[in-house]
Every structure is written in C-alpha cells, then in structure tokens.
Amino acid sequence: MNDILIVDDERDIRALVADILRDEGYDTRVAGSSEECMREITDRPPSLMILDIWLKDSHMDGIDILKIVKRDMPEVPVVIISGHGNIEIAVAAIKQGAYDFIEKPFNIDQLLVVIGRAMEASRLRRENTKLRRRDDMHCDMIGMSAAFRALKSQLDKVTRSNGRVMLTGPAGAGKEVAARYIHANSDRAGFPFITVSSASVEPERMEEVLFGRQGSDGVAEPGLLDQANGGVIYFDEVADMPAGTQSKILRVLVEQSFQPVGGADSRHVDVRVISGTNKDLLSEIRAERFREELYHRLNVVPIIVPSLEERREDIPHLARHFITQFNKGQGLPLRELSVDAETLLQTMIWPGNVRQLKNVLERVLILGADGGPIEAHELPQQSEGAGGNDGRVVLSGAVAMLPLREARELFEREYLMTQINRFGGNISRTANFIGMERSALHRKLKSLGVVTAVRAGARIARIDAEAETTEML
C-alpha cells in the first residue's frame, strides 16, 4: 500500500510533489481544496496524506481535515506542510495526531525521509495488529476431533481467497470465532474486523448503524461499513436482518458502494463479507423473510460449524483452554480437571454448545475452591441420569413408567451412544472404556439399533431409522 494523497491549494506544489513521489515509486492523488480532499478520502482512504494547513477558498483548513482523518481513519499517517509555519501551528498539528510538520519551502530529501518513516511506521502498526490478532485466534481455535479438523481445513482454504463465506451452525457453536480465524489468517488481518449483530440492532436504526449519517453541516458520522473498510464485516445471525436493509446490503455487495443516511454522494467501500446463521435460510426464503438473491450473494462458500455434540472429544481441550483463559484474564484459580469431571463434561448435554461449556466452567471457578482439581460434584447436575447427594440415580418420569426390560434397553442405548460420541465414534476406545469385547459391543449395538455415520466430518452414533421403524411396528 503506497497510495499518497497530496492536498495543497497551490497547483505547482501539488504537481511538483506528485511528480517526485511518482519517480520514487509511489502512487499519488491530488486535491486543491477541502471539498476535493474529502471526496478523495471518502472514495478511498490513502496510505498517507501530505496536507497543507492553509487552503484558500475552502470550507475547512488543514487542522479541520486532520481532526476528521484521525477520528475516522486513525491508521492513516498525515504529514502537515505550511508556508506560514510557527511553533504554535506545529504543536497544534502534532497534538491532533499529525505524524510530522514540515515548513515551506521544504527540502525534497527531508520530505522523502519523513514520508518513508511514516509509511514504515504505519506498516509496522498493521503488522503488529495482524500478529496479535493471529496469535489470539490460534489460541481460540481449539480441538483435535475429526469434526474440528474438517472445519479448520475448510477455514484454512478460504483464508487465501476474498470470497464471501456463510457459516451455518447452532447458537454458541463458535461461528464468530471461525469468522475471526478467517480474518486473522488472511491478507486483511491488519485491517478491522467489525461485527454486525443483526438481531440486537433495532430495525429502524439498522441502516444508520451500517451506512452512517450525513449531517446538515456536511460532516459524516461513519457507520460500520466505513469502519470495516479494508477489512472484514461479519453479519451475525444474518437471517434476522430487517427486510428493508437486506435490499440495500444487496446493492452494496453488487456495487461496492453505498449512501449514508441523509447523504447524496456514494461512498466506495472495500470489505470482505462473512455471514453466520443458526437458521435454515432456504426455509426463511420460502417464508419470504429472506431475499433469495441476497442468499446467493452471501452463500458463495458455505461452511458448517459443528455443534459440541459432534465434537465431544474436544471438550477436555476446550475446558482446559477456558480455565487458563479465566486465570489470565480474571485471576480465577488455575485448576485441573479430575478424571470424573472430565468424563461428566463429555457426557453432559450441551444445548448451548461451546458458549454454555465456557459459562459452566466460569461459574465453577468463581464458586468453587481456590485449589485442587475440579470434581464431578461441582458441575451442574442434569435431570436425566443425574446423581443426587446420596449417590442415587434420579430417573425421569418417562423412564420410571417403563417396564424393566424397556427401561434397561433405553438406558443401554443412550449410554452407549453417549460413550461412542465421547470417543469420536471410535468403537475400540469405547469398548475398552466400558469393559466389553469389541465384537460383543458390535452385537449389542446391532441389537439396540445403534449405528454410526459421518456428519460434519465426525463419526456420530445414532439410532438406525429402519430398526426404529421395525420396533414401532
């Protein structure tokens, strides 16, 4: 990125500086007034600005423009030049965020040195931001299961492109983490990652939030699309986006531009779009709640984010990661997991997926002991098959009403399916844990109508539909 915008009301100076910089290998643009300058930076933010303090016949001077640039595009370095320089002006410019101040008539060699340093400082800031984000996201992508490996393989492929990605999965499964992983490992990592919460923004405010607002005084309040320029915008639960906004987002995707609320001029934007949803968008289209054309624009690369049920092998790894995270971030005790607690976590039902697991561990660390391993009795007890304080197993009403043979069959089926899923569909590991011969386990599974099938890259135990139908007959 070597695009430099030169803003000066003297045509000869603009042309001279532009010619010199082009000879040095930079791309240049010029503006002779504050109005031309604002149009240029609105259309495409530059890598660096050379900005004159005094601009004749303009509504704003250089300091006014500097304030707006540092507010809306803080990553863009600004070099101030002036033929009326004094200490007070230089101090004011530096206080407002200017990289440096050069007095006219300036020495070209001095100007080139300042520009080189400013561009290098900007590049280092972007790289440091990119590295920090990449380190954070590598930590957040935790797992070893087949489902996790399949997901990560797909994510790694899309980081190398600029295509739109649709992440589908249940609430709490980690769709935003997956989106951030794509961003952190892409060429856009040095630029913003902006999340749009489609469900939480009031429908009547959605357009203002996305597109910003143009005031009567001509000053623009940037929206989320402006903030995401150069980076990634993530539409969380995109199915909940208001119908009116859907059509305008569609136009943004087609034209790569938009108009702020109350404004007449179009603004160019360069963003990569990633979307997430826990709904069946095809059903939403049939119900006329989601635009089919927008669906096809967003669903260029569909990726399924598996539920925690489909990656039970990862639960111990996730749990240890969250415990370490809470210790570093909140100072909560750094505790190990006992074998019984680890087993219970892998066999519990997790309707809230990874988010629920994280919340449970935070609660245990806050309310539990300061040291020693986390024990099974500290974890929340679930109604079905949960142990009471006296060691008894509490049965649900449905199981308690069944004859012994049917209740035993139901228990064996659920128990074996849970253990198989816990070990990622590995029958040998399951047989070893429950103390059965592998061949005997196969016979037992067949008699109970339990089969294994691949879903989201993982082998999952489920009830055989044909066996279930035969049993009902």
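How do H2 and H3 lie relative to each other, roughly parallel or roughly perpendicular? Point 4 has the answer; a few notes first.

1. Ground rules. This is a predicted model, where local features need pLDDT of at least 70, side-chain atom pairs count only at pLDDT 80 or more, and totals for chains, interfaces and linings use all residues. Residues are numbered from 1 along each chain as its sequence is written, and side-chain values use heavy atoms, with hydrogens and water left out.

2. Overall make-up. The chain has 20 helices and 16 strands (DSSP runs numbered from the N terminus: helices are H or I of at least four residues, strands E of at least two). Of its 473 residues, 45% count as buried (under 20% relative accessible area, 1.4 Å probe, protein chains only). Take the contacts between residues at least 6 apart in sequence: 68% of them join residues at least 24 apart (contact means heavy atoms within 4.5 Å).

3. The open sheet. Here 5 strands line up as S2-S1-S3-S4-S5, with parallel pairing (strands pair if DSSP finds at least two bridges between them). S2 (27–31) and S5 (100–103) are the edge strands, each with a single partner, so one side of each has no neighbour in the sheet. From one strand to the next, the twist averages 20 degrees. S4 (residues 78–82) and S5 run parallel and are joined by 4 bridges; Ile-80 has Phe-101 in S5 as its bridge partner. Helix H1 (residues 11–23) packs on this sheet, touching S1 (3–7), S2 and S3 (48–52), and its direction makes about 170 degrees with that of S2.

4. H2 against H3. The axes of H2 (residues 34–43) and H3 (residues 62–72) come within 11 Å and cross at roughly 15 degrees (axes are lines fitted to C-alpha atoms, for helices over the stretch in contact; angles run from 0 to 180 degrees between N-to-C directions). The two helices are therefore roughly parallel to each other (angles under 35 degrees). Ser-34, Cys-37, Met-38 and Ile-41 of H2 meet Ile-65, Ile-68 and Val-69 of H3.

5. H13 against H15. For H13 (residues 315–330) and H15 (residues 353–367), the axes come within 10 Å and cross at roughly 50 degrees. Contact residues include Phe-322 and Phe-326 of H13, and Leu-357 and Leu-361 of H15.

Key: Buried < 20%, exposed > 50% of the residue type's maximum accessible area, 1.4 Å probe, protein only. Parallel < 35°, antiparallel > 145°, perpendicular 65-115°, else oblique.
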